[in-house]
Amino acid sequence: MSKQNENPDLDESINVSEAHSSVVREAAACAREKRIVENGIAPVSLWAVVACGVVLLIAGGILGAGGNLFAYGSTYREGYVRTAPPGMADTGPVPKEALAAYMAKGAKIYSAKCNGCHGSDAKGNGSTFPTLVGSKWVLGETERFAMVILNGLQGPASTGNTYGVMPPQGIGMTPEDLAGIMTYVRNNFGNSVGDVVTTDMAKAAIETSAARKSAGNMVTAAELEAGHVKALAGEALDPKALLDPITLAPAKAP
Amino acid sequence: MSSANTTTSDQDALLRAGIDRSLRHPVMFFLTSGAAWLAVSIVLGILASAKVHSPEFLAGCSWLTYGRVFPAHINALIYGWGFQAAFGVLIWMMARLSRKECTAAGMILAAGHIWNLGVSLGLVGILAGFGTGMPWMEFPAFAWPVLLFSYIAILVWSFIQFRVRPAGHVYISQWYFLAAMIWFPWIYITANTLLHCLPGHPVMANGINAWFKSGVIFLFFTPVALGTAYYLAPKVTGQPVHSYSLARVGFWSLALIAPWAGMQKLLGAPIPYFLPYVGAAATVLLFVPLITAALNILRTSMSSPETLAASPSLRFMIAGITGLVVLVVAGVVLNLPGSTLPLTQFSMSGYGFEILAIYGFFSFVMFGAVYFIVPRVTRREWLSRRLMKIHFLFSVYGILTVALIALFGGLQQGIGQEDWQQPWQSAATRAYPYAVATTIAWCFILFSNIFFFLHLALMWLRLGRRSSHPTLLVAAHDHHSASPHGEEGDIDNAGPGHMPAH
């Protein structure tokens, strides 16, 4: 060893003693590392196999409970009728004040039938679609308003300006729908008449509309002013009376 | 002992030292900034946890409301700490295993800064109220391409090293690392494209989000941590890996099962009915790949009890693998659709499970790797055994409390939620004591990690001990053993480098 240190072998690319001292100085942590050996061949423990087998069974049970690919049968019950839970009285839906109950119905009809032209703020666009906010026909006599909704309108509107043609909306509209939409528009978007157009009034409006001489055609301003400037027949409803929000029948306070 | 042998092992040590030197700056950058983000995340976690039981705490500041602090906490934990710790460990271990020096340290460092910038801007975005509201993807939409780009710029060099490596054999850790490096971009691109670029039905978007969360845990953090543990266990003990065939079973079953997990969180939601059940079954089945890997690593480490007692890397790594065992058992117990899943679906159990995975399992293994890697890349030994012990004990107590409380408190909370005849308040009342304990436990973890960060920062400044003796958890049996801070008598003594590895 000592001879080698005095006369390092010129064929060797590395001076052993120099390299070794540099290793212990600069790479001590690397030098003391151990080599990785990976080829252990210990047998797999029986307990591990048993535990994995139990878990496989559990997982199989979960998959089995999953049923078919798109089996909605267990989350969606066809023909489901709302019933009271066991041991509880069926209280039904919570009653609402009449105005709010009618307006909630009307909001749905508005977004389905009116929103497209008159807009979500009911201001129309000023040229082809008139505003409903502050309109004399909306806020005024209810029969005139009902006739426009049910039959549509051609020619000039309440301001005297002619906008586009309003198509009839009455097809398939129930008295409940008509009462809701009228109450909603008359009490929303800045309008605040404060009264409720009841389903009885709406029923009367639908009858009046069917009995028109020119039934099936759109109404005009002239026809409205001639025969429809009156309130719809029917008993007025206190806007604060409590109603069942689904059926709109009178309800008792809970 | 022949001189030829000495020369080979010296050359070998010099090669390893060269690899370490080539990666010093990127590795230390990732580990240190990761540790800093970890501390930030824990502070945010304490704030979020305190708001669960004391809602009026800091309620006046909109930047610190629960809806912003909680996502900031979890995103800082994942992208600030988790990914950066993974980057530091991945690039170092891939270089070591491929036996190639890194030639792109500058590029990696630059990409690491871009990653940090992305995380910082994303967190500011969340706190300013621009979070997306998608769990674990709350960063505003600008952040994900930045993170993806820097991810690729950081890790592509490890692929290149792997391609040009001298030997043909592929070690177990390399399987896991390569898989993790490919799996993460897959789930990240899939989830972000489907949620940000091609938004579909919001219910299904929720399902994709749940799948992404599960994927980050089981397709990135888990393989990275297992690869690291498979590196550390035989390296530190010098014993062969317990069973090679068990390792193969563990890897391939993970690859087959993990991508299916996640959608069980949408049990009862109107998505295709089998998806939640497949998710639950896959999460339960993850028991098989993870318990086999844990068993293999534990048996390998246990074969050398002396090293186990002395080595900080091994102690942290074993604690992490123990966390993995708890995690997989909890995965089975909490995901039974008929009984426990409805209780844990919307309660704090989910959070407990995630924290157990990220901190109790992944982070502990990363700490083990940090204690192994840093002395090599800085060529300084850890300063203080006491700091290591503080880090270990407070972390263990903290994570045990956070995870177990969130798991079982979550069950209590779930029972309260399911009892629909009681007001919602009763579920909150059931969860209250657990929420208080969680805050206290996070304070323990913060305490432990402030010491960890300081210790690491001192090492980064190269203020570690200059010694050829490692800092071990128990004093070596010689006359130097009196000092609690290790072998200070050996400072720069260039003594024989034959102490056991740590």
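Chain A holds 10 helices and two strands.

Me: What kind of model is this, and how are residues and chains labelled?
Reply: This is a predicted model: local features need pLDDT of at least 70, side-chain atom pairs count only at pLDDT 80 or more, and totals for chains, interfaces and linings use all residues. Residues are numbered from 1 along each chain as its sequence is written, while chains are lettered from A and ligands numbered from 1 in the order in which they are written.

Me: What counts as a helix or a strand?
Reply: Both are DSSP runs, numbered from the N terminus: helices are H or I with at least four residues, strands are E with at least two. Read along the sequence, chain A gives α-α-α-α-β-α-α-α-α-α-α-β.

Me: How many residues of chain A are buried, as a percentage?
Reply: Start with the rule. A residue is buried if 20 or more other C-beta atoms lie within 10 Å of its own, exposed if 12 or fewer, and partly exposed in between; C-beta atoms are placed from the backbone. In chain A, 27% of the 254 residues are buried.

Me: Which contacts in chain A join residues 24 or more positions apart?
Reply: Two residues are in contact if their C-beta atoms, placed from the backbone, lie within 7 Å. Take the contacts in chain A with a separation of 6 or more: residues 24 or more positions apart account for 70% of them.

Me: What is the span of helix α10 of chain B?
Reply: The expected span of a helix is 1.5 Å times one less than its number of residues. Helix α10(B), residues 287-302, has 16 residues. Its first and last C-alpha atoms are 21 Å apart, close to the expected 22 Å. Of those 16 residues, 13 are buried, so α10(B) is largely enclosed by the rest of the structure.

Me: At what angle do α4(A) and α10(B) cross?
Reply: Axes are lines fitted to C-alpha atoms, for helices over the stretch in contact, and angles run from 0 to 180 degrees between N-to-C directions. Under 35 degrees counts as roughly parallel, over 145 as roughly antiparallel, 65 to 115 as roughly perpendicular, and the rest as oblique. Helix α4(A), residues 46-65, crosses α10(B) at roughly 165 degrees, and their axes come within 10 Å. The two are therefore roughly antiparallel.

Me: Which residues of α4(A) and α10(B) meet?
Reply: From α4(A) come Ala48(A), Ala51(A), Cys52(A) and Val55(A); from α10(B) come Phe287(B), Val288(B), Ile291(B), Thr292(B) and Leu295(B). Now sort them. Ala, Val, Leu, Ile, Met, Phe, Trp, Tyr, Cys and Pro count as nonpolar, Asp, Glu, Lys and Arg as charged, and the others, Gly among them, as polar. The contact of α4(A) with α10(B) has eight nonpolar residues, one polar and no charged.

Me: How do α2(B) and α3(B) pack?
Reply: Helix α2(B), residues 24-53, and helix α3(B), residues 66-98, pack at about 160 degrees, with their axes 7 Å apart. They are therefore roughly antiparallel to each other. Their contact has 21 nonpolar, eight polar and one charged residues.

Me: Where does Leu248(A) lie, and is this residue buried or exposed?
Reply: Leu248(A) sits in the segment after β2 (242-243) of chain A. Leu248(A) is buried, with 21 other C-beta atoms within 10 Å. Its phi is positive, about 65 degrees, although Leu248(A) is not a glycine.

Me: Where is Arg99(B)?
Reply: Arg99(B) is in the loop between α3 and α4 (105-130) of chain B. With 14 other C-beta atoms within 10 Å, Arg99(B) is partly exposed.
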